[in-house]
Structures are given as structure tokens and as C-alpha cells.
Amino acid sequence: MNQLSNEYLNKVIEDSKPYAVNGRVNTELPNFDETLRDKLGVSIITSEQNHYTAGDSSHKVPMQSTSKIIALMLALQDFGKERVFQAVGMEPTGEMFNSISALESHDDIKPFNPMVNAGAIAVCSLIKGGNNDNRFERYLHFLRDLTNNPTLEMDEKVYQAEIANGARNRSLAYFMQSTGALITDVEEALDLYFRINAVMMCCDDFARAGLFLARGGIAPGGDEKLIPPHHLRTVKAIMMTSGMYNSSGQYAVEAGFPCKSGVSGSIIGAVPGRMGIGVVGPAIDKKGNSTAGGALIKKLSKDLKLNMFRTE
Ligand code: GLN
């Protein structure tokens with residue numbers, strides 16, 4: 001078995017980098033261009049708090065869809081599991097993350113799960129706070145606490161880009177307004193969704209978020225539980241079945257631990273009881289997952305025996 005070390009991670013980065021040629025950089029995001037194709041970073045923090053990094057591990061990118069798991073944790077805290085899953089389903093879609101047809105085809109006409117855009121917008125309407133400044137403040141506070149990083153901030157340019165490129169998300173949200181799925185004003189739910197997508201993090205932050213999930217809701221460096229374990233169980237199960245969009249089945253087989261990706265090329269991995277993994281590799285495949293980052297996650301799983309379903 002390979003030993004976890006910075007040298008080992010350097011080697012994994014070199015082996016995974018070539019996969020970036022198969023992807024495309026999401027140039028809708030500010031400052032995202034072809035020069036980012038070769039960037040690849042990884043950070044791992046173990047439950048013993050040992051920290052390993054390699055590659056471009058301090059390069060910051062917007063959270064994009066990795067924010068969906070943080071929003072889900074808050075909504076579960078605020079309204080409980082029963083209420084949250086009245087608004088969104090628990091099933092994988094098999095469709096793209098921003099699919100319009102998937103939204104209408106669910107039996108109860110609700111988003112299939114909290115990891116697709118429609119589901120996350122519905123989840124955003126279930127975050128308490130009275131107004132969006134307070135709701136976002138609570139989100140950011142929770143994120144800073146669970147990553148133990150008080151410097152995390154939203155990037156104004158990314159937020160403006162989300163608004164400017166948000167036609168598809170608006171159509172999903174307005175459809176949900178028509179079915180009564182949103183309990184706040186539709187523009188407020190959308191605005192909160194745009195803001196949470198725009199918070200900047202690096203591999204170390206993504207790894208700390210993964211460790212938080214892997215360690216039963218205790219922030220790195222702390223010993224207080226910030227969220228009850230039964231909510232974490234729900235979040236990790238949803239990550240496993242839907243976190244990598246319509247590649248989630250493949251990741252369940254090849255990685256075998258809960259992961260969540262974003263179109264910035266970010267991935268949060270949570271290996272229960274063992275470690276949090278943060279990856280950034282901006283070239284993404286057609287489904288929205290980092291090509292080099294995905295290869296890296298699968299290689300780590302194989303080498304370090306991280307697959308929860310492994311038989312040997
Ligand atoms: N901002 C993107 C969107 O709303 C996030 C999607 C993603 O990361 N898959 O479409």
C-alpha cells in the first residue's frame with residue numbers, strides 16, 4: 001500500500017495532470033481562461049490532523065456547486081430532514097445538473113435531489129435569516145467555522161457573473177415558484193444561490209470541509225460538534241448518490257466515498273473517519289467534473305484503499 005506523504009501526492013499530481021487535455025475550462029467564470037488548464041492541486045487532512053499537499057494547492061477558485069452541501073447542512077439544521085425532503089427529492093437524476101426536463105419529470109414535480117441546481121435553489125429558500133444579507137451571513141459564518149478559516153469571502157465579480165449568466169437557473173427557479181416549491185421570494189432564493197456559488201476557496205479549504213464531514217461535524221482544530229451526526233449521515237449519502245452529478249454511480253464504484261464537485265474544477269472528498277480531500281483542477285468534462293481532479297481522486301482511492309466498499 002502506498003504511504004501518504006507529500007512526495008506521494010506530487011507523483012499523483014504528475015500522473016493525473018495529462019487528463020486535463022480532455023476537459024474544458026469554464027470561461028464563464030471571471031479570470032478563468034486556458035492558462036488554468038494545467039493547474040492541479042490537492043490537499044489532504046487526516047483525522048489525526050496531519051496535512052499533506054501537492055501542486056497548486058493554494059490556488060483559489062469559486063466554490064460553485066460544492067456550496068450545495070453547505071447549504072443542505074444549514075437547511076437541515078433549520079427545518080429538519082422531513083421538511084427539506086418535502087421540497088426536494090433524494091434520487092439521482094441521470095441528467096445534467098441544470099436539466100429543465102428532470103425538474104418536471106419527477107413524480108411529485110420537485111427537484112430530484114439537493115445536488116442539482118433546482119434542488120439547491122429550493123434548499124436556499126429553506127435557509128433562515130429573514131433577509132438575504134442575514135441568510136448569507138449565516139452561510140459564511142458556518143462555512144468559516146467548519147473550515148476553521150475566518151478569511152473566506154465572496155468574490156463580487158464571480159457573483160456578478162452568476163447573475164449575468166443565470167438565465168437557466170432563473171428558469172428553474174420560476175418554474176419552482178409556479179409549483180409552490182419555494183417558501184421565500186423567488187428572486188431571493190436565486191440571489192442566495194448566486195452568492196454561495198461565488199465564495200472563494202483553495203484545496204486546503206475544500207479538504208477542511210471534507211474533514212468536517214468525515215469527522216462527524218467537528219471543525220478542524222476544534223472539538224465541538226457544529227451539526228448533529230444524523231444530518232451529516234444524510235448529507236454524505238446524498239453526496240455519494242448525486243454529488244458528482246450524472247457520474248455519481250461511476251464515482252461510487254471507482255472512488256467509493258462521498259464527493260462533491262463544482263464547475264470551477266473543485267472537488268470535496270470525505271472519507272469517513274479517515275480524511276478530508278480537497279482538489280482543484282479547472283478543466284472539466286461535459287458533466288461538470290474536473291477531468292484531472294477526478295482521475296486523481298480515483299487514483300488516491302485505489303492507492304490508499306479509501307473505497308468504503310472494498311473487499312480486501
Ligand atoms: N454556477 C453554476 C450554475 O449555477 C454551478 C453549477 C455547478 O458547479 N455544477 O450552473
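Two residues are taken to be in contact if their C-beta atoms, placed from the backbone, lie within 7 Å. The structure described here is a predicted model, in which local features need pLDDT of at least 70 and side-chain atom pairs count only at pLDDT 80 or more, while totals for chains, interfaces and linings use all residues. Residues are numbered from 1 along each chain as its sequence is written.

The protein chain is divided into domain 1 (6-64 + 199-304) and domain 2 (65-197), with bounds that come from an automatic or database domain assignment. The C-alpha centres of the two domains lie 20 Å apart. To the contact between them, domain 1 gives 38 residues and domain 2 gives 37 residues. On the side of domain 1 that touches domain 2, the elements giving two or more residues are strand E5 (200-201), helix H9, helix H10 (229-242), strand E6 (259-261) and strand E7 (266-271). Such elements are DSSP runs numbered from the N terminus, a helix (H or I) having at least four residues and a strand (E) at least two. H10 provides the largest share of this side of domain 1, with 7 residues. By class, the side of domain 1 that touches domain 2 holds 20 nonpolar, 14 polar and 4 charged residues. In this classification Ala, Val, Leu, Ile, Met, Phe, Trp, Tyr, Cys and Pro count as nonpolar, Asp, Glu, Lys and Arg as charged, and the others, Gly among them, as polar.

The ligand is surrounded by Gln-64, Ser-65, Phe-97, Asn-98, Asn-117, Glu-162, Asn-169, Asn-197, Gly-262, Val-263 and Gly-288, where a residue is counted if its C-beta atom, placed from the backbone, lies within 6 Å of the molecule. This shell consists of 2 nonpolar, 8 polar and 1 charged residues. Domain 1 and domain 2 each supply at least three residues to the shell.

Helix H5 (residues 132-147) has 16 residues, which should span 22 Å at 1.5 Å a residue; its end C-alpha atoms are 22 Å apart, in agreement with that value. The expected span is 1.5 Å times one less than the number of residues. Within H5, the buried residues are Asn-132, Arg-135, Tyr-139, Leu-143, Leu-146 and Thr-147. A residue is buried if 20 or more other C-beta atoms lie within 10 Å of its own, exposed if 12 or fewer, and partly exposed in between, with C-beta atoms placed from the backbone. Viewed down the helix axis, the buried residues of H5 fall within an arc of 95°, so they line one face of the helix. The arc is that of the directions from the helix axis to the C-beta atoms. An α-helix has 3.6 residues a turn, so residues three or four places apart point the same way. On the other side of H5, Asp-133, Asn-134 and Glu-137 are exposed. The buried residues of H5 pack against helix H2 (67-87), helix H8 (186-197) and helix H9 (203-214).

The buried residues of H8 include Leu-190, Tyr-193 and Ile-196. Among the elements that cover them are strand E4 (61-62), H2, H4, H5, helix H6 (156-164) and helix H7 (167-179). In H9, 12 of the 12 residues are buried, so H9 is likewise largely enclosed. From its first C-alpha to its last, H9 reaches 16 Å, close to the 16 Å expected.

Most residues other than glycine have a negative phi. Asn-148 has a positive phi of about 55° although it is not a glycine. This residue lies in the loop between H5 and H6, and it counts as partly exposed because it has 14 C-beta neighbours inside 10 Å. Tyr-245, also not a glycine, has a positive phi of about 55°. Tyr-245 is found in the loop between H10 and helix H11 and is buried, with 25 other C-beta atoms within 10 Å.

Gly-243 is found in the loop between H10 and helix H11 (248-254) and is buried, with 31 other C-beta atoms within 10 Å. Not counting residues up to four places away in sequence, Gly-243 touches Met-115, Ser-248, Pro-258, Cys-259, Lys-260 and Ser-261. By contrast, Asp-107, in the loop between helix H3 (101-105) and helix H4 (117-124), is exposed, with 7 other C-beta atoms within 10 Å.
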